[in-house]
Amino acid sequence: MNLHTVITKATLEKTVCNVVETAPVFDIHTHLYDAAFGDLLLWGVDELLTYHYLVAEVMRAEVIGYDEFWKMSKTQQADLIWQTLFIERSPVSEACRGVVTCLNQLGFDVKKRDLAAVRKELKRWTPQRYINRVLEVSRVERVVMTNNPFDPLERPVWLKDFVRDERFAAALRIDELLMAWDANAPRLREMGYKVGSDINDKTVSEVRRFLDEWTHRVQPLYLAVSLTPDFAFPEDSKRSQLIERCILPHCREYGIPFALMIGVSRQVNPALRLAGDGLVRPSSLDPIVHLCANHPENKFLVTMLSRENQHALCVTARKFPNLHIFGCWWFLNDPSLIEEMTRMRLELLGLSVTPQHSDCRVLDQLIYKWDHFRRILARVLTDKYRDLLDAGWKLTRGEIERDVHLLLGGEFERFLAR
Ligand code: RAT
Ligand code: ZN
């Protein structure tokens, strides 16, 4: 079949599945790292098993104290999770299924349930070779990292020079500035930026200098923050002033979007550590409308955590071309919810959306996050194209490839270039 072949109802499903399965992905939000960052790049089966999504699940299935769990080594934690969630019951949750998909596609015989054999085989791999392997298996071409200049492990890597791996693009994470200014202003001063605790002219110009320097160093595709459901803008707060006087002008000057990930309630159960963040209520769309309407020269990337927010978010994106919505974030990254959201987004926004990002913290997870999403996307697109064929439309394979490319990162790149 060539690109001009006209698709019929008989060939539709197979063609769409094939195109979606083989299309390269540009993954626009992950917590993965270029190999130059050493141990910050997590990979392998013990990391997969101790993913924070699974830590929360094991605590429900096994009676074990938090302290006792955190005292264990990573291998012991992985053993416990494997035994509890994979051997003593079937791994039906999305996060558990993800591990099975990864191992299976990496070529392990998952029927054997032999964790020791997996560990033994993985010892033979170097991070660099493993990156190549995982990107090949998952057909992911490029990922965006989450880069935090305040991170004591990450910062020194940026400060010494290294050769960038083009497959790992950067995003500048600014939670420290916007979510805990009072705690972090002293840290900025230690780094040599003469900020005060108030957001006065001097502070604004020093924060702008910080952003300038890190933008030159890191070359981020966007600035990003993850926000609680009480996020309001404008409001009488230092955060609001920082956004208005530093973040928005900076993003305008460099022509890069400001990404807002809205809706997480941090540490609803601190004993779970990284797994302790939650979702307790939907968020308001007012700040997004205000930002998009009053700052038409700025571009905004938005994802929201609550299912209840998804429809209003789509409607808002219809009103503002400077708003690009992305991903099925975190607790929404489950097949039933992804399918619902992807259908709704295509129906309301056509192809001007990036329906998924992986949020991977472990390299191997690229395999399952994208495999599971591709299946859903193929189903949704097949239905949408079938409806078009029913209405008398003509469709070629080349057109399907073009559309899928847009959904798997192409539309994001167009948004960046706007
Ligand atoms: O999805 C996750 O793993 C979360 O822990 C967060 O990292 C979230 O995606 C974020 O970027 O804040
Ligand atoms: Zn994330």
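A: Start with Pro-234. It sits in the loop that runs from strand E4 (220-227) to helix H13 (238-254); helices (H or I, at least four residues) and strands (E, at least two) are DSSP runs, numbered from the N terminus. The model is predicted, so local features need pLDDT of at least 70 and side-chain atom pairs pLDDT 80 or more, while totals for chains, interfaces and linings use all residues. Residues count from 1 along each chain as written, chains are lettered from A and ligands numbered from 1 in written order, and side-chain values use heavy atoms, without hydrogens or water.

Now the loop's peptide bond. Phe-233 and Pro-234 are joined in cis, with omega about 0°.

Go to the other end of E4. Gln-219 lies in the loop between helix H12 (201-218) and E4. A polar atom of the Gln-219 side chain is 3.0 Å from the backbone oxygen of His-216. Gln-219 also touches Arg-164, Ala-170 and Trp-214 (heavy atoms within 4.5 Å), leaving aside residues up to four places away in sequence. Its C-alpha lies 8.0 Å from that of Ala-169, although 50 residues separate Gln-219 and Ala-169 along the chain.

Arg-113 is not a glycine, yet its phi is positive, about 55°. Find Arg-113 between helix H6 (94-105) and helix H7 (115-122).

Next, ligand 1. Asp-359 places a polar atom 2.8 Å from an oxygen atom of ligand 1. For His-31, a polar side-chain atom is 2.9 Å from a ligand 1 oxygen. In Ser-226, an N or O atom of the side chain is 3.5 Å from an oxygen atom of ligand 1. Alone, ligand 1 exposes 300 Å², and the protein buries 98% of that (Shrake-Rupley areas, 1.4 Å probe).

Last, a pair of helices. The axes of H8 (residues 127-138) and H17 (residues 365-390) come within 9 Å and cross at roughly 5°. Axes are lines fitted to C-alpha atoms over the stretch in contact, with angles from 0 to 180 degrees between N-to-C directions. So H8 is roughly parallel to H17, the term for angles under 35 degrees. H8 brings Val-134, Leu-135, Val-137 and Ser-138 to the contact, and H17 brings Leu-366, Ile-367, Trp-370 and Arg-374.

Key. Angles under 35 degrees count as roughly parallel, over 145 as roughly antiparallel, 65 to 115 as roughly perpendicular and the rest as oblique. A polar contact is a pair of N or O atoms within 3.5 Å; within protein, one must be able to donate a hydrogen and the other to accept it, and residues adjacent in sequence count only if both atoms are side-chain atoms.
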